[in-house]
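Student: Got the model open next to me and I'd like to go through it bit by bit. Can you show it and then take my questions?
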Number of protein chains: 2
Amino acid sequence: MLHLLSPRGFKAGAAHAGIKTTPSPDVGLLICDVPATAAAVFTTNKVFAAPITIGREHIRGGKLRGIVVNSGNANACTGRRGETDAMQMCRAAARIVGCGEREILPSSTGIIGRHLPMEKIRRGIDLAGKDLGDSAAHARRFEQAILTTDMRRKSAVTRFRAGKNWITVAGVCKGSGMIGPRLGVNGATPHATMLAYLTTDAKIAAGVLRRILAEAAEASFNAVTVDDHTSTNDTAAILASGFGPAVDSRQSIALFAAAMKEVCQSLAYKIAEDGEGATKVVQIEVRGAKTENDARGIARAIANSPLVKCAMNGNDPNWGRIVSAAGLCGAAFDPDQAELKLQQTSVFKSGRPMRFDAARVSKSLDSKRVIVDLNCRLGKSSATVWTCDLSREYVTINADYHT
Amino acid sequence: MLHLLSPRGFKAGAAHAGIKTTPSPDVGLLICDVPATAAAVFTTNKVFAAPITIGREHIRGGKLRGIVVNSGNANACTGRRGETDAMQMCRAAARIVGCGEREILPSSTGIIGRHLPMEKIRRGIDLAGKDLGDSAAHARRFEQAILTTDMRRKSAVTRFRAGKNWITVAGVCKGSGMIGPRLGVNGATPHATMLAYLTTDAKIAAGVLRRILAEAAEASFNAVTVDDHTSTNDTAAILASGFGPAVDSRQSIALFAAAMKEVCQSLAYKIAEDGEGATKVVQIEVRGAKTENDARGIARAIANSPLVKCAMNGNDPNWGRIVSAAGLCGAAFDPDQAELKLQQTSVFKSGRPMRFDAARVSKSLDSKRVIVDLNCRLGKSSATVWTCDLSREYVTINADYHT
């Protein structure tokens with residue numbers, strides 16, 4: 001089985017520093033054996049955590065040796081001291097790697113508005129440093145170290161041939177609540193949070209890597225929503241060790257971009273699947289929209305409607321909620337043109353309700369994956385957005401979780 | 001006690017036509033003894049119900065004799081036949097009043113995508129016509145006839161002196177789910193739904209009435225959200241009988257506008273209070289924003305965050321969710337400038353968490369009304385938005401309600 005450390009040149013370590021109340025690891029290190037070509041996208045929330053401020057600076061040169069991350073505390077809304085703490089995390093990691101502190105990208109996720117317990121964090125980073133290795137078990141422990149309200153670890157890997165050799169693209173992520181990422185290359189950052197870290201052994205220029213990451217993030221992390229609450233800490237970063245074949249031709253760049261998109265979409269899907277209280281993934285497919293912005297806007301409006309999400313929880317083919325959500329977001333939409341299918345059954349077409357077997361469609365909604373397919377018939381643009389249903393369990397998780 | 005029929009010149013009637021499964025009235029008539037000066041604002045959803053199409057035409061001349069309304073079926077997404085049905089409702093009402101069908105405004109609320117049961121509706125309108133009267137009991141039955149998932153009837157009345165006489169402004173409304181109205185004078189319309197009907201005995205020009213209604217709606221109905229799902233059927237309409245003093249001077253117009261705003265805000269507050277599954281009203285006060293749009297955008301982003309709404313349900317002073325919601329909507333916002341108070345306790349200021357007694361603040365949140373006061377300190381604009389908490393009961397209502 002391929003994993004985060006399958007691309008040549010990477011090691012990871014994790015430790016339980018005691019930030020989270022559970023005994024699972026809460027500090028992680030992901031290290032490249034050489035200065036890696038690197039790119040990252042961050043939250044566009046105007047309230048962004050200290051590690052985002054620092055991360056934006058450190059990614060500027062397009063080179064990184066590693067990533068240091070803690071869960072259980074977001075280091076957000078923590079003022080100057082938060083920035084000092086994030087820098088200290090970098091320094092502690094850099095000491096282990098033997099590199100400059102600016103070659104480390106810091107990340108945090110967890111509660112907003114608390115200062116990091118730096119003693120615990122430093123000890124955790126040291127322990128993670130002693131734990132470094134490139135086995136599947138090491139990858140798994142790193143995956144675990146970044147989780148907060150997540151129920152499951154999340155990873156994805158793909159590879160493709162470049163000449164005689166293979167290029168591997170791997171990724172891990174966390175995210176279950178406060179999920180409505182809007183990542184931007186020059187973006188700003190907010191608590192749970194989406195974090196994704198990717199590794200590859202491709203040899204690739206930083207500018208190309210940045211563009212491909214931004215495109216892949218747009219079609220994946222920026223297209224998943226649990227609560228549409230863009231976090232203070234959202235981050236997606238990739239490190240390329242360069243130990244593998246070069247990605248420099250039109251063809252290899254296209255293959256690499258496709259691999260990146262595949263891995264990021266697989267991770268985004270897993271976030272929806274593990275959304276707080278989720279029992280299913282709802283995949284919104286909007287086709288025939290006038291513009292791409294319209295397609296995305298309509299898909300997001302449907303995905304974020306609590307009425308639609310509750311109907312999905314109850315396996316209720318309540319298509320009126322879906323069609324009305326499509327109309328409310330300001331995008332061009334004409335119900336007289338549109339057709340809506342739920343799990344391939346046409347339920348609304350050309351302004352009129354279709355006859356359908358409600359019991360049968362309801363049964364088809366009782367599935368781990370529901371496809372909502374809306375054809376606007378106004379143009380050629382399309383968008384896919386992944387969300388989950390809204391359950392009583394979601395409320396329990398978020399009403400009873402106390403600061 | 002003043003009520004909807006206290007302004008001189010109005011009668012109402014209601015009947016149980018059997019559209020709703022409960023035995024409560026589901027058809028209502030509100031009639032003016034003379035051609036009333038009238039104004040209405042409708043949903044801006046691009047998917048709008050048949051009665052909205054008809055209502056927009058009938059309001060054009062600024063004169064109406066009455067309003068006919070049914071609950072239990074929204075007559076939305078029902079194509080041409082829906083429009084014919086809405087016109088037939090007008091015709092049946094007009095026959096009772098003895099006026100033209102274009103002098104009647106039709107309204108519907110309930111499930112989307114079903115044709116109206118016209119036999120039942122016609123019989124219901126006839127019965128409501130036989131029930132017409134101007135007593136408090138008549139007002140109450142009309143209030144009840146417009147409800148769907150609402151738990152309570154909603155009404156508000158105020159009056160002010162104009163010379164030796166009084167001008168009364170009264171209103172009733174319904175709304176509990178699918179509440180995120182964006183009413184526009186030239187708007188378009190979507191299921192539950194916000195419906196509000198106002199009466200006054202003022203003598204006022206149609207153009208002035210239209211402007212004052214639009215302004216009052218903006219500061220009231222357009223500032224309440226339960227699920228941010230703008231409905232296909234949202235409507236607010238006012239009828240002015242002219243039996244009272246004239247509103248034609250600068251001073252009387254200002255007094256009338258203030259009275260309208262007071263009644264509409266009282267109704268909007270009651271919608272939040274009766275939001276599906278709500279245990280409390282959360283009043284978001286944004287001050288010091290750069291522009292009015294920014295103030296509204298920030299207040300709405302906070303009001304619509306499921307994380308904020310769940311925290312409120314759990315009496316959790318989780319201010320990180322509020323501050324991060326303020327930053328995610330694109331409005332100008334700088335956490336280093338801002339101050340956030342929960343029930344008058346400062347919890348976040350100038351980029352840093354404040355020390356506060358979490359148990360005490362949590363206790364203060366256990367209230368029928370919670371004030372979230374965010375001062376952006378970037379300008380002079382402000383906005384108020386009312387919402388409710390998100391409870392397990394909300395999910396039960398909306399997951400188990402079947403089409």
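**Walking through the model**

Student: How many other C-beta atoms are within 10 Å of B:Pro35?
Tutor: B:Pro35 has 18 other C-beta atoms within 10 Å, so it counts as partly exposed. The cut-offs are 20 or more other C-beta atoms within 10 Å for buried, 12 or fewer for exposed, and partly exposed in between, with C-beta atoms placed from the backbone. Keep in mind that this is a predicted model: local features need pLDDT of at least 70 and side-chain atom pairs count only at pLDDT 80 or more, while totals for chains, interfaces and linings use all residues. On labels, residues are numbered from 1 along each chain as its sequence is written, and chains are lettered from A and ligands numbered from 1 in the order in which they are written.

Student: Where does B:Pro35 lie, and what is it in contact with?
Tutor: B:Pro35 lies in strand S2 (residues 27-43) of chain B. Helices (H or I, at least four residues) and strands (E, at least two) are DSSP runs, numbered from the N terminus. Leaving aside neighbours within four places in sequence, B:Pro35 is in contact with B:Lys63, B:Arg65 and B:Glu103. Contact here means that the C-beta atoms of two residues, placed from the backbone, lie within 7 Å.

Student: Let's jump to A:Ala94. Which helix is that in, and what does it touch?
Tutor: A:Ala94 lies in helix H2 of chain A. Not counting residues up to four places away in sequence, A:Ala94 touches A:Cys99, A:Gly100, A:Glu101, A:Glu103 and A:Ile104. A:Ala94 is partly exposed, with 18 other C-beta atoms within 10 Å.

Student: OK, the two chains now. What rotation superposes B on A?
Tutor: A rotation of 180 degrees, with 0.0 Å of shift along its axis, puts chain B on chain A with an RMSD of 0.0 Å. That is the relation of a two-fold axis. In chain B, the C-alpha nearest that axis belongs to B:Arg392, 2.4 Å from it.

Student: How many residues are in contact across the two chains?
Tutor: 55 residues of chain B are in contact with 55 residues of chain A. Helix H8 (306-313), helix H9 (319-327), strand S13 (352-353) and helix H11 (392-400) of chain B each supply at least two residues of the side that touches chain A. The largest share of that side, 8 residues, comes from H9(B).

Student: What's the make-up by class?
Tutor: The side of chain B that touches chain A has 25 nonpolar, 22 polar and 8 charged residues. Ala, Val, Leu, Ile, Met, Phe, Trp, Tyr, Cys and Pro count as nonpolar, Asp, Glu, Lys and Arg as charged, and the others, Gly among them, as polar.

Student: Which residues of H11(B) are buried?
Tutor: B:Tyr394, B:Val395, B:Asn398 and B:Ala399. Seen down the axis of H11(B), the buried residues fall within an arc of 110 degrees, so they line one face of the helix. That arc is taken from the directions from the helix axis to the C-beta atoms. The cover over the buried residues of H11(B) includes helix H8 (306-313) and helix H11 (392-400) of chain A.

Student: And the sheet in chain B, what's its strand order?
Tutor: S13-S12-S11-S14-S10-S15, an open sheet of 6 strands with mixed pairing. Two strands pair if DSSP finds at least two bridges between them. The edge strands are S13 and strand S15 (381-388) of chain B, each pairing on one side only. Strand S12 (residues 345-349) of chain B pairs with S13(B) in the antiparallel sense over 2 bridges, and B:Lys349 stands opposite B:Arg352 in S13(B).

Student: Which strands does H9(B) lie across?
Tutor: H9(B) lies across strand S11 (339-342), S12 and strand S14 (369-375) of chain B, running at about 135 degrees to S11(B). For that angle, axes are lines fitted to C-alpha atoms, for helices over the stretch in contact, and angles run from 0 to 180 degrees between N-to-C directions.

Student: Last one, chain A. How many residues of S1(A) are buried?
Tutor: 6 of the 6 residues of strand S1 (residues 10-15) of chain A are buried, so it is largely enclosed by the rest of the structure. S1(A) pairs with S2(A) in the antiparallel sense over 6 bridges, and A:Phe10 stands opposite A:Cys32 in S2(A).

Note on methods
Least-squares fit on C-alpha atoms with pLDDT ≥ 70 in both.
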